[in-house]
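This report goes through selected local features of one protein chain. Please keep the sequence and the structure open while reading.

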Amino acid sequence: MRLYLYIFLLIVSFGLVNAQQLIKVGDKAPTFLVNLQQNSIQSFSMPYLNRIVLLHFWSSTVSKSKQNNKFLNRLTGRYKNAMYRSAEGFEAVAIAVQSDKKAWTESITADSLTHFTNGIALRGYNDEVCKKFGVTQLPADILIDENGIVIAINPRMRDLENILDEKKNFIPIKKDVIGILAQSSNKNEVSAFTKMYLFDAYGDSIATARTNEKGFFSFSDIKLNQDFLLKVDNGIDIITSDPLALFTSKGEHLLDGKNMSGGFIFKIPSNLSYKLTEDNEDKTLTGNIEQVNVSKMLVFKPNGFDLLPKDETELLAIVQILSKNKALKVDVYAHTDAKSDPKAALELTGKQAQSVYNFLIKKGVEANRIKMLPKGNAQPRKTCTAKTDCDEADHKTNRRIEFIVYKN
């Protein structure tokens, strides 16, 4: 009996030791060695070169991890050399947990995993790097910040992207994605009362909508500068030999849909996403990481246009971006609410844009890199048909300064 009890206590004790070794959010990430693709061994000590690091454990034999590779490789390409508040960049260290090096290298080439630092854990789960991070199944992802602290474990792709956006210290612009769905290339043959689903490029659902009797649809408050998938149910009312077509709210043909099981799909690249907004005459974004859309909710002094100290603090993130890369320029869009008439609103946003311009100049940004674009209340995020049509929260949403930072 004592022998059984002793063995039981050993098993429980061993289990507790293993449990204590599992990595947790808030832990300091340990140093580790990994065999790289170039037949070398590298030591990674956290924090690593003041960069945000994602450890991505996968295998060429696990289909789900290979699928995640495609999305993560794309995300890494967009965020690797982005301009962060306190980090020098983003690094994805992809560690294949397998003994077959040939299959590993073939998978890297076949899937074009060019944005990763590629390593391999040849002893599988018994490899030291897997033990240190408690990896027992694949895929597994551990996000480590620029201070070497674990900040997320197995985040979804969209959550990972949101974390990286927050690390860049600015709020991506969100707007209503709107347009018209037609049953053919003739925009007058609308598809009415049709259910639509908006997905991001990683396959995560963002929003749903239904067209009205005129084929018009609207998805509210969507983060732009990303690729979208728009899926349409193939209901009994959609009977067409032509592909469904997508039009902007102004009637411009944008894309034809492709047949899929149970419906139709539109692949909307980031450089077209701006066309599906109310103010779609503005220039489109390329989706390149050096072209960034930023929104700031500045408060201003009681006169409505002079900057408060807290406003200047908010703008330091823009100054930092422009200071790090002298090739970048910035467009300053000033918007206000619907409380005043269009003429007064335009005059006010002109003064607001001028205040932002003066601050950027004071901080060393050259005048030829700044363009002021006051918009008055012509492009609200929340449409108000009358002064009393919106509550104060809606008016606050409409009062914002938007920045487009780009290379000339």
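In which sense do β4 and β5 pair, and over how many bridges? The two strands pair in the parallel sense, over five bridges.

## Basis of the description

The model is predicted, so local features need pLDDT of at least 70 and side-chain atom pairs count only at pLDDT 80 or more, while totals for chains, interfaces and linings use all residues. Residues are numbered from 1 along each chain as its sequence is written, and side-chain values use heavy atoms, with hydrogens and water left out.

Helices (H or I, at least four residues) and strands (E, at least two) are DSSP runs, numbered from the N terminus. Two strands pair if DSSP finds at least two bridges between them.

## The sheet

Seven strands make up an open sheet of mixed pairing, in the order β2-β1-β5-β4-β3-β6-β7. The edges are held by β2 (41-44) and β7 (150-153); each has a single partner strand, so one side of each is left without a neighbour in the sheet. From one strand to the next, the twist averages 30° (axes are lines fitted to C-alpha atoms, for helices over the stretch in contact, and angles run from 0 to 180 degrees between N-to-C directions).

β4 is mostly covered, with eight of its eight residues buried (buried means under 20% relative accessible area, exposed over 50%, partly exposed in between, with a 1.4 Å probe and protein chains only). F90, A92, A94 and A96 point one way from β4, and E91, V93, I95 and V97 point the other way.

## Helix α3

Helix α3 spans residues 101-110 and has W104, S107 and I108 buried. These three cover an arc of only 100° around the axis, which puts them on the same side of α3 (the arc is that of the directions from the helix axis to the C-beta atoms). K102, T109 and A110 are exposed on the other side of α3.

The buried residues of α3 pack against β1 (32-36), β3 (52-58), α2 (63-79), β4 (90-97) and β5 (117-121), where contact means heavy atoms within 4.5 Å. At the start of α3, a side-chain oxygen of D100 comes to within 3.2 Å of the backbone nitrogen of K102. This is a polar contact, that is, a pair of N or O atoms within 3.5 Å; within protein, one must be able to donate a hydrogen and the other to accept it, and residues adjacent in sequence count only if both atoms are side-chain atoms. Just after α3, S112 takes a positive phi of about 50°.

## Aromatic pairs

A pair of aromatic rings is described by the distance of the centres and the angle of the planes. Rings of Phe, Tyr and Trp (its six-membered ring) pair if their centres lie within 6.5 Å; planes under 30 degrees apart count as stacked, over 60 as edge-to-face and the rest as tilted. By this rule the count comes to five aromatic pairs. In one of them, the rings of F32 and F44 have their centres 5.1 Å apart and their planes at 15°, so the pair is stacked. F32 is in strand β1 and F44 in strand β2, twelve residues apart.

F32 also forms an edge-to-face pair with F133, at 5.6 Å centre to centre and 85° between the planes. Ring pairs link F32, F44, Y48, F57 and F133 into a cluster.

K132 is located in helix α4 (residues 128-133) and is partly exposed, with a relative accessible area of 32%. A polar atom of the K132 side chain lies 2.6 Å from the backbone oxygen of T31. The C-alpha atoms of K132 and A29 are separated by 8.9 Å, although the residues are 103 apart along the chain.

E161, in helix α5 (residues 157-167), counts as buried at 4% relative accessibility. Not counting residues up to four places away in sequence, E161 touches L75, Y79, Y202, K223 and Q226. F305 lies in the loop between β17 (292-296) and α7 (309-324) and counts as partly exposed at 21% relative accessibility. Leaving aside neighbours within four places in sequence, F305 is in contact with F300, L348, K351, Q352 and S355.
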